[in-house]
Amino acid sequence: MSATPAAPGNPARPARPARPARPALPVLQADCSNCFALCCVALPFAKSNDFAVNKAAGTPCTNLQQDFRCGIHTRLRDKGFQGCTVFDCFGAGQQVSQVTFGGRDWRAHPGTAGSMYEAFPVMRQLHELLFYVTEALTLTAAAPVHAELRRAQTETAQWTAAEADALATLDVGALRGRINTLLLRASELARAGAPARKKNHRGADLMGARLAGADLRGANLRGAYLIAADLSGADLRLADLIGADFRDADLRGADLRDAVFLTQAQLNAARGDTATKIPATLARPAHWSA
């Protein structure tokens, strides 16, 4: 930055020191074409309603092809791998593959495999935190905590650019705790504007609950178990949905516009239809009914 020009007869004023550049945010959406199928290798899964078989961490899924693509990608639900369709790495896969390891894949460079598999879960948590912080910064009512959120965003983004050895030293739990405090405050500020009585169902067991047509505007549903719950026609505007489990929940005709911290993975896990209202930033899942 150049110095401010001096007025005639006045000494030149010193230039203001340039602000340090904020690190660019990584892409927070999965780009499987630039990932070495890390979710299909690094992570374990157990035979259940979500997965047809058991798989140990660090072992490639039997459906994984040599080009790092899934051999049953278009038939995952039919083949018993519904869990794959609701997993979201928030872009951590390509970040580890192309940035942390500079495009060196674990097949051509087997010596990278162990540290790559260890880095991926840490990076996923960082990207998930960035996703939530970025959304919190769009909440106008949360302006009182925006400055702190931006500082947290900068710190987290810097960690996403760190080398694998450095990522291994990060206490991601402590970072998550600090950021969660800010997200809670942002949520409270945003939900304060909801006209309905704000119900607190944080962490509640609402599996199979009959909530059809319920007015849940501004409700706290953080971490709630809503597996197979009937939320058809429910109003979830301004509800805090961070970590809520929507597997097989009925969202047909529900209104999720302006829901706080709703993710694509949560929608993918649920059942909905063309009458379900969702935020413009998310996509209507292909398996939802007409």
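Buried means under 20% relative accessible area, exposed means over 50%, and partly exposed lies in between (1.4 Å probe, protein chains only). In soluble globular proteins, nonpolar side chains tend to be buried together.

Before going on, a word on what you are looking at. This is a predicted model, in which local features need pLDDT of at least 70 and side-chain atom pairs count only at pLDDT 80 or more, while totals for chains, interfaces and linings use all residues. Residues are numbered from 1 along each chain as its sequence is written, and side-chain values use heavy atoms, with hydrogens and water left out.

Now step back to the whole chain. Its secondary structure comes to seven helices and zero strands, where helices (H or I, at least four residues) and strands (E, at least two) are DSSP runs numbered from the N terminus. The C-alpha trace spans about 80 × 55 × 35 Å along its principal axes. Of the 290 residues, 46% count as buried. Contact means heavy atoms within 4.5 Å, and among the contacts with a separation of 6 or more, 43% are between residues 24 or more positions apart.

Let us follow helix 6 next. Its 20 residues (172-191) should span 28 Å at 1.5 Å a residue, and the end C-alpha atoms are 27 Å apart, which agrees; the expected span is 1.5 Å times one less than the number of residues. Among the buried residues of helix 6 are V172, L175, I179, L182 and L183. Helix 3 (113-136) and helix 4 (146-160) are included in what covers the buried residues of helix 6.

F36 sits in the segment before helix 1 and counts as buried because its relative accessibility is 9%. Leaving aside neighbours within four places in sequence, the contacts of F36 include F68, S97, W106 and M116.

T100, in helix 2, is also buried, with a relative accessible area of 14%. Beyond four places in sequence, T100 is in contact with Q95, M123, A162, E163, A164 and L167.

Is N54 buried or exposed? At a relative accessible area of 59%, N54 is exposed. N54 lies in the segment before helix 1 (82-85), and apart from neighbours within four places in sequence it is in contact with F45, A46 and K47. The side chain of N54 reaches the backbone nitrogen of K47 at 2.7 Å.

Key. A polar contact is a pair of N or O atoms within 3.5 Å; within protein, one must be able to donate a hydrogen and the other to accept it, and residues adjacent in sequence count only if both atoms are side-chain atoms.
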